[in-house]
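Here is a short report on one protein chain.

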Amino acid sequence: MPPTAPKTNNINVFARWRRLAPSEAAEGTIDYHSTSPTDPHGHLSVSISGGGDPGSTQSWTSPPAFNAIFNPEDDNGEVYKSIVAPAIPHVLRGGSCNFFAYGHSGSGKTHTIIGYDYDDERELGLCLAAARQLFKVIDDLNAKDNAGERLGIGFSLFEMRKKSAFDLLNRRTECHVREGHDGKVHIRGETEMLEGGKVRVCPIVRRPCWSYECFRQELTQAVGARAVGSSSVHSQSSRTHAILELEIICQSLVDARQAVVDRQSELVPVGKRATDISIEEQMKAPVPHPGGKWAPNPDYEMNQERIDAAEAEKAEHEHRVAVAEELVEDILKSAATPCLGAKMVFVDLAGAEYHQEKGAQQLHIPKQTPQERQEGRQINTDLLALKEVMRAWATNQPRIPFRSSALTMVLREHFLSSEKGNSTMIVTVSPAKEQYAATLNSLKYGSLVGVTRA
Ligand SMILES: Nc1ncnc2c1ncn2[C@@H]1O[C@H](COP(=O)(O)OP(=O)(O)OP(=O)(O)O)[C@@H](O)[C@H]1O
């Protein structure tokens, strides 16, 4: 019986072969080619061989899991044109989408998502190329006579490591990932003590940019603060998952969100006072009796009026927070252009590691420290959790295991806010013979996600 044909394509999966580094040339390359079996959706299979010992006939062919496969001569511009550019109209209609780069260390994830050459148009990372195209449209909209409020792009950029996020727009400040009682995940940054007992818990920084040039400068500066270390493959490895969120914004949205943070900080001392008063009054009401029991104090009548007044003040401040939150929603709903609030999320995942001490020595990179090896294990655990989320998402499972890691908790919102079909994984792979095992693992990971379509 032929396999059941997929009904929808919830997650798009692409593979990208990177160029061979000059230092890898002596070892030779993996043999690889893509085939297009009779798949109802035209998805491609990839076959690889040539790893292992000389003369080895070891080979592997994936199921038809890949939407397209990019060759080493395809530059970032080509990848952008095929993967990201088609999503821009969806974003301009107000939709959201996300893009993940997955691959072993040194396979080209950062090259693809962020890029290393910020001046060469053909080599801009996908996020910069997307912002450039969005700004072209936004600038045209802003120039129109009947334009509503001026639009721009706000962005946040942070790294995930273990259970913490590090805000690259705020001196790599450590932020905490918390699940609220509403099930939403919040990333909370620094806590500031203000006058009058106000406590401001800053959210992760979202920097507003009103031109592409401003965005490019801010992004490149922030990227410079990324944590690098030595992986099992190269010595400038990103040891964390970098998450970059672009959002179309206007000034009133920025102000309204700031007002929510301000109202919340005003609520903190008022809420604390209400709790203190209630406890204080209740403590005075009973008195200890012999035998360790407590009984009502005949000489003290609990001051219910005092408690009620404090509770009323707290309710008033809670109402102010709710009003500020509603204003944010109203601005998003009543925008003159539907794209306000639309998001594009780019994730440069930390490199999956396959420990190959032999390969590391050949590449003359420093040996990993025990801490780096421990980080490597944590990275692999996160990537496994992400694979399970993607498989469950792709097959429309009722329960998606978002809570299995801090990384997947943070990504929850991005999956849920993107309609099905707007999540894309780019599996980056190296053609170097010495990385055959790692390449094979990455392709297997990608094909597991790619074939599980509902
Ligand atoms: N498609 C490509 N074309 C040209 N050079 C590339 C390509 N992909 C990667 N490279 C180069 O290979 C090296 C490693 O790439 P990159 O830093 O993007 O890997 P990575 O997967 O992000 O690694 P890690 O997970 O360890 O951070 C870089 O010097 C990069 O410029």
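Is Ser 265 buried or exposed? Ser 265 has a relative accessibility of 3%, so it counts as buried, because the cut-off for buried is under 20%. Keep in mind that this is a predicted model.

Ser 265 sits in helix α6, which covers residues 251–284. Which residues does Ser 265 touch, once its neighbours within four places in sequence are left aside? They are Leu 194, Lys 198, Val 199 and Arg 200.

Now turn to a loop. Ser 62 lies between β4 and β5. Pro 63 is in the loop between β4 (59–61) and β5 (68–70) as well. Ser 62 is buried, with a relative accessible area of 4%. Pro 63 is partly exposed, and its relative accessible area is 32%.

Ser 62 is in contact with Leu 44, Ser 45, Val 46 and Ser 447. Pro 63 is in contact with Leu 44, Ser 45, Ser 447 and Val 451.

**Helix α9 and its two partners**

Helix α9 spans residues 370–394, and helix α10 spans residues 406–417. Helix α9 also packs with helix α11, residues 436–451.

| Helix pair | Angle | Axes apart |
|---|---|---|
| α9 and α10 | about 30 degrees | 10 Å |
| α9 and α11 | about 25 degrees | 8 Å |

Why does α9 count as roughly parallel to α10? Their angle is about 30 degrees. Angles under 35 degrees count as roughly parallel, so α9 is roughly parallel to α10. Helices α9 and α11 are therefore roughly parallel to each other too. The crossing of α9 and α10 is right-handed.

Which residues form the contact of α9 with α10? From α9 come Asp 382, Ala 385, Leu 386, Val 389, Met 390 and Trp 393. From α10 come Leu 407, Thr 408, Leu 411, Phe 415 and Leu 416. By class, this contact of α9 with α10 has nine nonpolar residues, one polar and one charged.

The contact with α11 uses Leu 383, Leu 386, Lys 387, Met 390, Arg 391 and Ala 394 of α9. They meet Tyr 445, Leu 448 and Val 449 of α11. Here seven residues are nonpolar, none is polar and two are charged. Leu 386 and Met 390 of α9 take part in both contacts.

**Aromatic rings**

How many aromatic pairs does the structure hold? There are eight. A pair of aromatic rings is described by the distance of the centres and the angle of the planes.

Take Phe 99 and Phe 346. Their ring centres are 5.2 Å apart and their planes lie at 15 degrees, so the pair is stacked. This pair links distant parts of the chain. Phe 99 belongs to strand β6 (residues 97–103), Phe 346 belongs to strand β18 (residues 343–348), and they are 247 residues apart. Both Phe 99 and Phe 346 are buried.

Ring pairs also build a cluster. It links Phe 100, Trp 393, Phe 402 and Phe 415. Trp 393 and Phe 415 were met above, in the contact of α9 with α10.

Note on methods. Residues are numbered from 1 along each chain as its sequence is written. This is a predicted model: local features need pLDDT of at least 70, side-chain atom pairs count only at pLDDT 80 or more; totals for chains, interfaces and linings use all residues. Side-chain values use heavy atoms; hydrogens and water are left out. Axes are lines fitted to C-alpha atoms, for helices over the stretch in contact, and angles run from 0 to 180 degrees between N-to-C directions. Helices (H or I, at least four residues) and strands (E, at least two) are DSSP runs, numbered from the N terminus. Angles under 35 degrees count as roughly parallel, over 145 as roughly antiparallel, 65 to 115 as roughly perpendicular and the rest as oblique. A crossing is left-handed if the near helix is turned anticlockwise from the far one by less than a right angle, and right-handed if clockwise. Contact means heavy atoms within 4.5 Å. Ala, Val, Leu, Ile, Met, Phe, Trp, Tyr, Cys and Pro count as nonpolar, Asp, Glu, Lys and Arg as charged, and the others, Gly among them, as polar. Buried means under 20% relative accessible area, exposed over 50%, partly exposed in between (1.4 Å probe, protein chains only). Rings of Phe, Tyr and Trp (its six-membered ring) pair if their centres lie within 6.5 Å; planes under 30 degrees apart count as stacked, over 60 as edge-to-face and the rest as tilted.
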